[in-house]
Structure formats: structure tokens, C-alpha cells
Amino acid sequence: MEKKVFKTENIKFKCKIPEIPLTRKELKNLLNYRIPCLCCGMEMLHPDIYSQLLDIKELSGPASEAIHILAPFEKIMHPVERQVFNMFKSMSAKYPDKNFKELLEMKRDIHELALVKIQSIIFNKISFYRRILPKKSARQLRKLMIKTNDIIFDPEPHKPFSRRIFIHKLKNILKNIENKKLKEEIIEIARRLPRSSDEVCAFVVKNSRKKSNIIALNLVHPSVGTFEHLLPKCMNGMNNSLNFALECSYCNNSRHHYPISVQIEENPYMPQNTQIQADKLISLCKKGLCKKEYITNLKHVLQTLSDGIISLDISKLSEIT
Ligand SMILES: [Zn+2]
């Protein structure tokens, strides 16, 4: 335990500061050993390997070349991305000269129709709340829904629909509503709007507007390993390995600033997946590649922040001398 001595005028006192178990570099290095994500359990990619992909020009070229470069990452791609990658594989056999963007453009219309179908069901459900909301909010909601319908039913809208902006506007309309339950109910429905990471149709529509190399990177990006602040930064969570867990970029972005209990509600297998990661870390500890203190602290923090829902079994740590 590191001890710091502070001097005030005439008094000396000692203050214990918990020792940071792993440096950022040491924690990042763990991602070299096929660590599963704390939340979804999928194997993560080392961020440096992802960075190397940023400079590969061939990702903009014919799909067959890009597929060859991305093939080693297929097994760690998330389900939607893997489905799109497989779609590229079969399409590139038929259209060998086309790049990812051109292939997605060929598929856009059919996927856009599928996406609009899903979206319009959700928008109808949200519109229903005009009957319940106070007059002013109901009017604002009506306006937002008319504007949104204009975008999604227009084959060539001036600006494409953005789920993020829609939810932001909806939250603004609802911010003065006193009934918290009602507010959360409406936002929860809006959250069901498909994201490019949840539905192939949303991935195709969103990415068909991007450059080929960006589409290629987006197939891999959700798998990149990141440091998740267990206690969010906005709640004064520390910025070091006492508060960091290894999580894939998809899960990290999906959590926003919600407490771990909410993350578990949305990812019911998270408690099991945290154990799988802990077991992997313990096996690395046996090889001298991770530190016991990191795992002990992880157990303690997860247990506290999840109100006891996550209770890691780290008894095997005691076998390590
Ligand atoms: Zn994940």
C-alpha cells in the first residue's frame, strides 16, 4: 500500500491511497490474450491492431481484396457485422470489381424498406402518447413525428434519419413531464429503434452512405477492446485500473452513463460473462501476465456497483503463490 505523507502547519498525518494495480499500458496489453468482453463475452481486438487497419488503402479497393484483409477478424466480428461480411463474400464472387460501398448501394433499397417497416411500427407506438401527454408536449410530439415521417418515407430525404438526434429531440420534449414512469416508457420505446449494430438493414442503410474503407473498419470496430469506467466518469469514477474493466467498444458505447444494474437488465448474460472474463484473467495471472490485485479489486467494485448481482468466484486466485 502506498503511503503519502502530507504536511500541514505543525501536524503530520498519513493517508492511505489504494495502489493502482495495473498501469494503462499493462491493462491494454491484456488485450493481446483474447480476452472476452466483460458484458457480451465476445472476444476483443487489441486497439493497436485496429489502428493498423486505418492505414490500409486496399480496404477502399475491390471487395475481394478488402475481404482478404478482414478475413482474420471474421471470428471476432459481432453478429450483424459478420452477416454483412458474409453478404460481401457472396456478392463479391458475382461482382468482383465492385467495392464495399458499391455493393451496399446495390442492397440499399430493399434494406431501407425493411428498416422503415420496423421504424414506422415504433413511431406509431410513440405517437399514441399524444393522447396522454399534456397539450404542449403532445403538440411538440406531433410536430416531431410529422417531420420524422417525412424523412423516413421520402426515398431521397434532404438529411437521413438519425436515431441519436431523434431520441435527443424526444427527450427535450419530455424533459418537463413530471410523470417519470411515463417519460421512461416513451424513451424506452424509442430506444428500440434499430441501430446499425443491431439490425443488418440498419447497417446497410447507414453504411451505404460511407466510404468503402470506413465500411470495412465498421465491420471490425465494435470488437475493439476499450477501458470501461465501472463507475462512470460523470459520477466521479476514477480514471485508472481501480475503476477500469475491459469491454468491447460496442458494449462500452451502448452503456452510456447508465449504472451497471441497467447494463445487466439489457444484457442478462452479463453476470456469467464477467465470470468468464475473470477466469481468463486468473489464468493469465498464473502465467504472470496479470496481477492478483486487479482481479480482487474488479470483484469488489463489480459486487458493490451491481448491488451484489455480480459476485465473481475468484477462489482459484488463492492457488497462485
Ligand atoms: Zn461487448
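Select Phe100. Beyond its neighbours within four places in sequence, Phe100 is in contact (C-beta atoms, placed from the backbone, within 7 Å) with Ala63, Ala66, Phe88, Ser212, Ile215 and Ala216.

Before moving on, know what is on screen. This is a predicted model, where local features need pLDDT of at least 70, side-chain atom pairs count only at pLDDT 80 or more, and totals for chains, interfaces and linings use all residues. Residues are numbered from 1 along each chain as its sequence is written.

Next, select helix H5, residues 100-128. Helices here are DSSP runs of H or I, at least four residues, numbered from the N terminus. H5 spans 39 Å from first C-alpha to last, close to the 42 Å expected (1.5 Å times one less than its number of residues).

Now colour the buried residues of H5: Phe100, Lys101, Leu103, Leu104, Leu115, Gln119, Phe123 and Ile126. Buried means that 20 or more other C-beta atoms, placed from the backbone, lie within 10 Å of the residue's own. Show their cover too, which includes helices H3 (63-70), H4 (79-94) and H6 (135-153).

Then go to the largest nonpolar core, which has 54 residues. Such a core is a set of buried Ala, Val, Leu, Ile, Met, Phe, Trp, Tyr and Cys residues joined through C-beta atoms within 7 Å. Phe100 and Ile295 have the most contacts inside this core. Its largest share, 6 residues, comes from helix H14 (residues 292-305). Domain 1 (21-46 + 224-319) and domain 2 (75-210) both give residues to this core, so it lies between them. The domain bounds come from an automatic or database assignment.

Last stop: a second, separate core of 6 residues, including Phe123, Ile126, Phe166 and Ile186.

Methods: Helix = DSSP H or I, 4+ residues; strand = E, 2+ residues; numbered from the N terminus. Buried ≥ 20, exposed ≤ 12 C-beta atoms within 10 Å, placed from the backbone. Contact = placed C-beta atoms within 7 Å.
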